[in-house]
Amino acid sequence: MAAGDLFSGVDLISPAEFAKEKVLAIQEYALLVWRSLGNLFRHPVYWGDMLQQADLIGVGSLPIVVLTGFSIGGSLALNSANTLQRFGSLSLIGQLVAVGMVTELGPVITGLMVSGRNASGMASELGSMVVTEQIDAMRALGTDPTKKLVTPRVTSTVFMLFFLTIIADACGLAGGAAVSSLLFGMDWHQYWSSAWQALVFRDVFTGLLKPVLFGFIISTIGCYYGMSAQGGTQGVGRATTQAVVASSILIIVVDFFVTRLTMTLFGYH
Amino acid sequence: MAAPPTPLEMPAPYVAGSTEPVIVFEEVSIGFEGKQVLDAISFRLARGETKAIFGVAGSGKSTILKLALGLLKPDSGRIYVLGEEVTQMSEEALFDLRRRIGMVFQESALFDSLTVRENVAFRLLEEGNVPEEEIDRRVREALSFVELERTVNMFPSELSGGMRRRVAIARAIITQPEILLYDSPTGGLDPVTSTTIIALIVKQRDVYKTSSLLVTHRLQDAFIMATHYFDRETNQLRALGSGAHGEVPMTFLILRNGKVIFDGDIDELKQTKDEYIREYIS
């Protein structure tokens with residue numbers, strides 16, 4: 001079989017063209033981010049749309065965040081207890097769950113859950129508007145789509161993810177408490193006091209900085225892929241998948257760097 | 001051919017005898033993915049004039065409208081709209097200019113999460129300082145113009161293709177823009193519905209005398225527009241007498257291979273010797 005037959009129907013792209021496309025995509029993403037932030041200081045600010053998005057993103061994501069937070073906290077306690085029992089340190093379970101949930105699992109799991117639910121939602125909604133010319137119509141009617149559609153989504157996601165993460169942390173701690181007391185017979189008060197004492201400023205700061213960054217990633221990536229959707233319904237589907245994949249990967253990568261950065265800032269080695 | 005009644009009595013922006021251009025294209029070129037779509041085209045749209053743009057699929061008809069609105073930037077050439085050079089304007093400045101222009105998109109492009117009222121009133125709602133009673137009154141008037149008063153609380157998904165197109169016209173005219181751009185307003189519609197839409201466009205043209213660019217691939221639509229006028233007394237379209245011209249100037253622009261091959265009125269079109277055009281209009 002000739003090489004031509006093998007690749008027939010496949011669009012091959014030169015490395016230079018590929019690199020150019022990626023650089024252009026980064027440039028467009030940076031411009032969208034810049035404009036979405038700049039719009040906060042330009043009239044009009046769409047408070048109504050922000051509130052609507054906050055309800056959609058925040059209240060709408062609450063059940064999955066509560067459920068996953070509780071389950072992850074419970075699983076963390078279960079796994080930790082297994083190891084701690086071997087060293088006779090079961091009393092440390094509260095500390096482990098608290099630090100693990102607040103600094104790492106709470107923000108990351110909440111970020112991934114909201115990413116799966118909302119980055120996809122934003123990409124598909126905006127993508128559909130692009131392919132049906134609704135975005136062009138909005139521009140033609142004299143309204144800036146970045147101001148009307150992107151800025152409210154970015155603001156609301158950042159704001160709501162912050163509080164969703166706090167709720168997930170609390171649910172995770174509650175899940176850990178339930179497992180510790182019901183399965184391992186640990187004293188309820190001992191669990192909560194050890195969890196409370198384990199948390200220091202750096203943990204809380206890290207745990208609350210991450211959702212702000214993750215919220216920003218989820219919303220800007222979701223909106224970027226939606227606004228740059230091409231090629232009808234197939235293009236919308238592709239944009240949706242890419243938005244979830246890209247935001248999930250970025251959340252995990254950024255999580256690592258933020259953890260390292262806060263460790264350096266607070267003198268942890 | 002019956003046309004709907006005219007409830008709106010707004011001042012027409014048309015100045016009789018004025019030939020001041022509202023849209024000017026000067027040597028405008030644009031290409032996509034290596035293909036030249038428009039190649040140094042030039043034309044003018046005078047105030048109060050209606051110009052129908054023809055061409056085969058992919059000839060750049062819709063691109064002309066998007067360029068005029070500043071939704072696309074040309075590779076070269078200059079475009080002036082209402083005296084402003086859109087090719088040099090920032091997106092922010094373009095939003096102000098676009099508020100003076102109405103556009104009817106090919107597939108209507110209604111906001112599917114908004115009701116008909118919210119779609120039609122979109123511009124007024126965005127202005128933020130128009131009282132609710134004023135918005136309701138103007139929505140009713142605009143919908144009455146397109147005979148769709150009863151759809152006010154419906155969503156676009158509940159409307160037929162023709163009704164959506166009429167709502168799009170109502171949305172475009174509610175602020176009484178200085179220019180109207182129609183992108184294939186009858187595309188994909190059955191002949192009866194197409195005639196209704198054309199009747200509305202003729203009515204809009206003859207009542208408000210708004211300068212308009214109309215993109216279409218249906219020659220018969222443009223011929224109806226050129227050979228009929230809207231009779232306000234009987235609320236009907238009436239045929240103009242042989243050789244007679246309507247009150248509003250109507251011209252034709254034909255594109256081929258990215259070039260303008262014809263720009264003139266119906267008499268010039270009928271007398272053209274160009275083989276391609278003769279075949280096209282036959």
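The legends below describe views of a predicted model.

View 1. Once its neighbours within four places in sequence are left aside, Leu181(B) is in contact with Leu65(B), Ala68(B), Leu69(B), Ile101(B), Met103(B) and Leu213(B).

**View 2. Chain A as a helical chain.** Chain A contains nine helices and zero strands, and its C-alpha trace spans about 65 × 60 × 35 Å along the principal axes. Of its 269 residues, 43% count as buried. Among the contacts in chain A with a separation of 6 or more, 88% are accounted for by residues 24 or more positions apart.

**View 3. Packing of α3(A) against α6(A).** The axes of helix α3 (residues 47-86) of chain A and helix α6 (residues 145-184) of chain A come within 5 Å and cross at roughly 25°. Because angles under 35 degrees count as roughly parallel, α3(A) is described as roughly parallel to α6(A). The crossing of these two helices is right-handed, and by class their contact has 24 nonpolar, 14 polar and three charged residues.

**View 4. Packing of α4(A) against α9(A).** Helix α4(A) and helix α9 (residues 232-265) of chain A pack with their axes 8 Å apart, at an angle of about 150°. Angles over 145 degrees count as roughly antiparallel, and α4(A) and α9(A) are therefore roughly antiparallel to each other. Their crossing is right-handed. Residues that make the contact include Gly111(A), Ser115(A), Ala119(A) and Ala123(A) of α4(A), together with Gly235(A), Ala239(A), Ala243(A) and Ser247(A) of α9(A). By class, this contact has 10 nonpolar, 12 polar and one charged residues.

**View 5. The contact between chain A and chain B.** This contact takes 15 residues from chain B and 12 residues from chain A. On the side of chain B that touches chain A, α2 (91-98) and α4 (122-127) of chain B each supply at least two residues. By class, that side of chain B has eight nonpolar, one polar and six charged residues.

**View 6. Two loop sites in chain A.** Ile13(A) is placed in the loop between α1 (3-6) and α2 (15-38) of chain A, and it counts as exposed because it has 11 C-beta neighbours inside 10 Å. From C-alpha to C-alpha, Ile13(A) and Gly226(A) are 23 Å apart in space, while in sequence they are 213 residues apart. In the loop between α2 and α3 of chain A lies Pro44(A), which a cis peptide bond with omega of about -5° joins to His43(A).

**View 7. Residues of chain B with positive phi.** Most residues other than glycine have a negative phi. Leu82(B), although not a glycine, has a positive phi of about 50°; it lies in the loop between β4 (76-81) and β5 (84-85) of chain B, and with 16 C-beta neighbours inside 10 Å it counts as partly exposed. Gln176(B) likewise has a positive phi of about 50° without being a glycine, and its place is in the loop between α6 (161-173) and β7 (179-183) of chain B. With 17 other C-beta atoms within 10 Å, Gln176(B) is partly exposed.

Notes: Residues are numbered from 1 along each chain as its sequence is written. Chains are lettered from A and ligands numbered from 1 in the order in which they are written. This is a predicted model: local features need pLDDT of at least 70, side-chain atom pairs count only at pLDDT 80 or more; totals for chains, interfaces and linings use all residues. Axes are lines fitted to C-alpha atoms, for helices over the stretch in contact, and angles run from 0 to 180 degrees between N-to-C directions. Helices (H or I, at least four residues) and strands (E, at least two) are DSSP runs, numbered from the N terminus. Angles under 35 degrees count as roughly parallel, over 145 as roughly antiparallel, 65 to 115 as roughly perpendicular and the rest as oblique. A crossing is left-handed if the near helix is turned anticlockwise from the far one by less than a right angle, and right-handed if clockwise. Ala, Val, Leu, Ile, Met, Phe, Trp, Tyr, Cys and Pro count as nonpolar, Asp, Glu, Lys and Arg as charged, and the others, Gly among them, as polar. Two residues are in contact if their C-beta atoms, placed from the backbone, lie within 7 Å. A residue is buried if 20 or more other C-beta atoms lie within 10 Å of its own, exposed if 12 or fewer, and partly exposed in between; C-beta atoms are placed from the backbone.
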